[in-house]
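Dear colleague,

I am passing this structure on to you, and below it I have written down what was found. Please read the notes with the model open beside them.

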Amino acid sequence: MHPAFSVIFLTTLIGAGQGLYLAMVTGQLYAIPNFVEAQVDRFYAFGSLVALLFLIAGLVASFFHLGRPERAWRAAAKWRTSWLSREVIILPIVMALVFAYGFAHWMEWTGTIFEVGALRVDVTLILGIIGTLASLALFVCTAMIYADVKFLQEWHTPLTVFNFIFFGAASGFMLAAAYSAYIGNPLVTFYGTWAVILTLVALGSRLAHLRRNARIKRKSTVQTAIGIRHNTLVQRTQGATGGSFNTREFFHGRSQRFVANVRYLFLLLVFPLPVLLIGASYVTESPNLPILAFLVQFLGLMAERWSFFAEAQHPQNIYYQSVA
Amino acid sequence: MTQLALVIDLNVCVGCHACVTSCKEWNTSGWAGPLVDQNPYGASPTGTFFNRVQTFEVGTYPNTETVHFPKSCLHCEEPPCVPVCPTGASYKRPDNGVVLVDYDKCIGCKYCSWACPYGAREVDEEQKVMKKCTLCIDRITDAKLPERDRKPSCVLACPTSARLFGDVHDADSEVSVAIRERGGYQLMPEWGTKPANHYLPRQKTRMHIDPDELTRVDNPLRKEDLTTYTGEETLDDVAW
Ligand code: SF4
Ligand code: SF4
């Protein structure tokens with residue numbers, strides 16, 4: 001498949017935004033039993049603002065993918081059957097909840113509404129829990145857009161969904177660590193540790209995905225594509241000399257070598273480098289290293305998404321093998 | 001239920017591209033506006049087509065066979081491209097089974113093209129919406145046209161009658177009979193898309209000649225002939 005930059009930006013940006021939001025809520029939850037220090041409300045409010053900015057940036061990027069962005073509202077119509085439609089609905093909901101969560105913290109609406117045992121429930125906690133669920137649902141919708149297309153065998157696996165969740169969460173917690181480091185908040189250790197754990201889980205999931213894809217057995221062959229039984233069957237012309245939508249949308253147009261290099265690049269940028277940088281930041285207590293770790297990983301995730309697209313081989317490509 | 005479809009006879013298709021050009025002509029002049037052509041006179045012309053004729057070579061030289069293969073939307077009975085469309089712009093007409101795109105609703109997200117294993121959908125880079133074969137829906141449903149013209153443009157243009165058009169759910173239609181009696185098959189059956197369009201396979205035309213068709217064993221003159229022959233010309237050797 002041809003990796004479209006709009007989609008690369010969309011998925012990586014909203015992933016980091018959702019992850020950062022999850023990190024904020026996690027921080028708040030951990031503070032209830034005093035596992036970590038409770039923060040002033042502004043900490044969560046600003047964190048949510050950053051998360052919201054990432055989500056907005058992702059949304060803006062997504063419009064570049066559409067031929068007719070002015071009609072985008074129509075995409076909410078078929079939520080019963082289309083994961084794309086579901087994503088279009090849930091993304092604004094998540095954005096609204098992230099905003100509401102941040103706003104509630106900003107307004108310090110922390111008065112107890114009711115108590116469950118020793119747990120004092122306030123507005124921010126309720127919004128945080130609902131927002132977390134919506135955010136996870138958004139991860140699933142985004143990933144299912146890819147995982148649900150059975151023709152793209154590389155994507156048609158639950159591992160695609162795991163990857164999206166863990167990559168998003170890892171980069172979000174990385175961003176939370178960077179944010180804490182930037183404002184000199186001690187939570188940087190807490191977020192950094194979680195970021196490393198999530199990164200390692202994502203590594204496992206992605207490696208399993210790569211391993212699976214290396215052994216894929218193609219369902220379609222040129223024989224089934226045109227229905228002729230002969231082992232030697234080659235295309236001589238595809239009916240157009242200057243290419244077509246089919247050659248532009250479904251081929252990445254790069255050498256195998258290039259694709260392999262991008263794969264090594266993301267394996268390096270997403271996993272070992274950020275982990276090492278976070279480790280180094282513990283030792284040196286540098287406020288800059290977590291920020292660098294996030295940036296490096298985010299860059300790596302863009303390469304990962306490029307690779308994810310380039311890896312996928314569409315069966316329609318069988319019909320587009322030769323020009324003349 | 002009616003399911004309109006094409007049946008394409010690979011045995012007689014000569015790869016002349018008449019269907020491609022007539023399709024383009026009809027569908028670029030219709031109610032939906034032009035079908036884009038980009039750089040048409042340049043080195044690398046490209047554009048949106050509903051129908052393409054491709055060519056494949058079967059076997060190794062000198063034992064090869066050239067197969068011309070027209071390819072367009074197969075109007076699948078289980079079209080995977082329809083449920084993925086977020087806007088409902090892609091739909092299958094319930095009355096005749098034709099899969100269509102509503103160009104006024106399509107947002108050009110291209111998701112449906114990912115969900116078609118045949119590469120039958122092509123974006124119009126000018127109108128920025130998804131396009132595909134409509135089976136000339138504006139023509140086959142036009143009651144003002146005489147019956148014989150209510151067929152897709154490609155079918156009428158084909159000089160070898162390699163393209164049949166009709167209802168594959170009607171067991172007695174020309175297309176159903178052709179599929180049944182001449183081994184009509186579907187493309188990529190492994191995906192369960194149940195394409196409505198079918199293809200008729202290549203057939204070798206073989207002639208069998210018995211030896212007695214060459215020698216006149218029934219020559220009535222020979223029966224009563226008492227002559228002993230020693231290799232000279234007889235009545236059997238006369239060219240008739
Ligand atoms: S051939 Fe492709 S575009 Fe046409 S109905 Fe089937 S899946 Fe959809
Ligand atoms: S490109 Fe148009 S027809 Fe295709 S899925 Fe998107 S909105 Fe639907």
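Across the interface of chain A and chain B the rule finds two salt bridges, a salt bridge being a side-chain nitrogen of Lys or Arg within 4 Å of a carboxyl oxygen of Asp or Glu. In one of them Glu125(B) is joined to Arg248(A), with 3.7 Å between the closest N and O atoms.

Please keep in mind that this is a predicted model, in which local features need pLDDT of at least 70 and side-chain atom pairs count only at pLDDT 80 or more, while totals for chains, interfaces and linings use all residues. Residues are numbered from 1 along each chain as its sequence is written, chains are lettered from A and ligands numbered from 1 in the order in which they are written, and side-chain values use heavy atoms, with hydrogens and water left out.

As for the extent of the interface, 60 residues of chain A are in contact (heavy atoms within 4.5 Å) with 56 residues of chain B. The two chains bury about 4,700 Å² between them, 58% of it on carbon and sulfur atoms, where buried area is the accessible area (1.4 Å probe) that two parts lose on being put together, summed over both. In chain A, the residues that lose the most area to chain B are Phe151(A), Phe245(A) and Tyr319(A), which together make up 14% of what that side buries.

Finally, ligand 1 has 13 residues around it (a heavy atom within 4 Å), of which Cys73(B), Leu74(B), Cys76(B), Cys81(B) and Cys116(B) come nearest.

With best wishes
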